[in-house]
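Take a look at the model below. We will go from one pair of side chains out to the whole chain.

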Amino acid sequence: MRRNLLQIAEIPLSFAPSSSDPSSQSADTNPKSPSWIFGCHGLWYNLALIVPSALFVAFLLSKARKSFSKLSHGRSYIMIAYYALLWIVSALNLAWCVLQVWQCSPGKELSWNVLSLFTTSGMLFLEISLVAFLLQGSPAGGLEALTQTFIISGVIVGVDILLKAIYVFGFGVPFFIDSDESTHRVKWGLWVVHKLLLTAVYGFILFMHHTKWRERLPARPAFYNYISMMFIMNAVALFACALLGNGAAFGFWLYDLTTVCYHSLYLPFLYVTFLADFFQEEDLHLENAYYSEMKDAGFFDADWD
């Protein structure tokens with residue numbers, strides 16, 4: 001009788017999932033991925049990235065026909081190159097903003113690191129090449145100036161990509177993953193160096209504006225507005241990374257703010273500052289031409305009566 005009771009008591013144990021059962025292991029090690037719009041940083045963070053980036057790409061699409069016409073007639077190698085770069089980087093940046101959930105999705109770490117590496121490198125290339133070209137004071141259509149600028153910028157960005165790839169893929173530093181709020185001193189130390197270099201470059205250009213070398217800088221006020229904004233943004237990001245390196249929780253909020261501002265507003269800011277005037281020139285010329293033709297035809301003679 002006792003033996004039968006023991007056999008009955010052992011029956012429910014056979015229904016427990018075995019540790020060697022592959023289905024139970026997959027359920028434990030492969031959790032469900034979070035929603036792409038609510039995951040990782042939350043709804044408002046994702047919307048703050050996605051909406052401005054998507055609107056800017058939509059704006060570029062709406063102006064594409066006129067822009068291509070202007071570029072084909074203008075034959076400016078500089079403007080053609082920067083407009084093409086703007087399209088490539090804008091597409092990468094929109095994908096980066098939409099796919100934020102990859103940071104928290106199992107098995108997506110490699111894809112996220114590769115996407116982040118190309119996106120940040122593309123935006124950095126725009127930053128460096130733009131400043132390098134404007135500091136030369138060369139004509140806007142100079143092919144030689146374009147080649148020299150792109151070679152210098154390519155070398156700098158290439159070294160930056162190589163170092164980041166070594167740390168991310170070689171040493172496993174979570175350089176581009178910000179969903180885990182645990183302090184990673186190596187990661188934030190590297191970001192401090194990165195932001196410090198950019199802040200020093202923009203700060204030096206601002207310093208030159210108040211010295212005897214100011215004549216070597218572009219005379220356009222928009223250039224100094226651009227440099228000032230980039231200096232402030234990188235200085236704030238530098239401060240946030242320094243806080244995170246010392247374990248201050250406030251640094252996460254500040255760093256997220258600079259990330260949102262950079263990825264959602266930098267490309268539109270660059271377009272408005274340096275490219276919008278070029279594409280509006282054709283419209284102004286057409287308006288002046290139409291006005292001259294109508295004046296010659298006597299359409300405005302009645303205004304003088």
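Which residue forms a salt bridge with Lys187? The partner is Asp178. The closest N and O atoms of the two side chains lie 2.8 Å apart. Bear in mind that this is a predicted model, so the distance is computed from predicted coordinates.

Lys187 has a relative accessibility of 3%. That value is also under 20%, so Lys187 is buried. In general, side chains of opposite charge can pair when their charged atoms come close.

How many salt bridges are there in total? The count comes to 2. Lys164 and Asp160 are both buried.

Now turn to a pair of helices. Helix α6 spans residues 109-136, and helix α8 spans residues 185-208. Their axes come within 13 Å and cross at roughly 25°. Angles under 35 degrees count as roughly parallel, so α6 is roughly parallel to α8. The crossing is left-handed.

Which residues make the contact? From α6 come Leu124, Glu127, Val131 and Leu135. From α8 come His194, Leu198, Tyr202 and Ile205. Sorted by class, this contact holds 6 nonpolar residues, 1 polar residue and 1 charged residue.

Finally, step back to the chain. The protein chain has 10 helices and 0 strands. Read along the sequence, the pattern is α-α-α-α-α-α-α-α-α-α. The chain has 305 residues, and buried residues make up 38% of them.

What share of the contacts with a separation of 6 or more joins residues 24 or more positions apart? In the protein chain, that share is 71%.

How values were computed:
Residues are numbered from 1 along each chain as its sequence is written. This is a predicted model: local features need pLDDT of at least 70, side-chain atom pairs count only at pLDDT 80 or more; totals for chains, interfaces and linings use all residues. Side-chain values use heavy atoms; hydrogens and water are left out. Axes are lines fitted to C-alpha atoms, for helices over the stretch in contact, and angles run from 0 to 180 degrees between N-to-C directions. Helices (H or I, at least four residues) and strands (E, at least two) are DSSP runs, numbered from the N terminus. Angles under 35 degrees count as roughly parallel, over 145 as roughly antiparallel, 65 to 115 as roughly perpendicular and the rest as oblique. A crossing is left-handed if the near helix is turned anticlockwise from the far one by less than a right angle, and right-handed if clockwise. Contact means heavy atoms within 4.5 Å. Ala, Val, Leu, Ile, Met, Phe, Trp, Tyr, Cys and Pro count as nonpolar, Asp, Glu, Lys and Arg as charged, and the others, Gly among them, as polar. A salt bridge is a side-chain nitrogen of Lys or Arg within 4 Å of a carboxyl oxygen of Asp or Glu. Buried means under 20% relative accessible area, exposed over 50%, partly exposed in between (1.4 Å probe, protein chains only).
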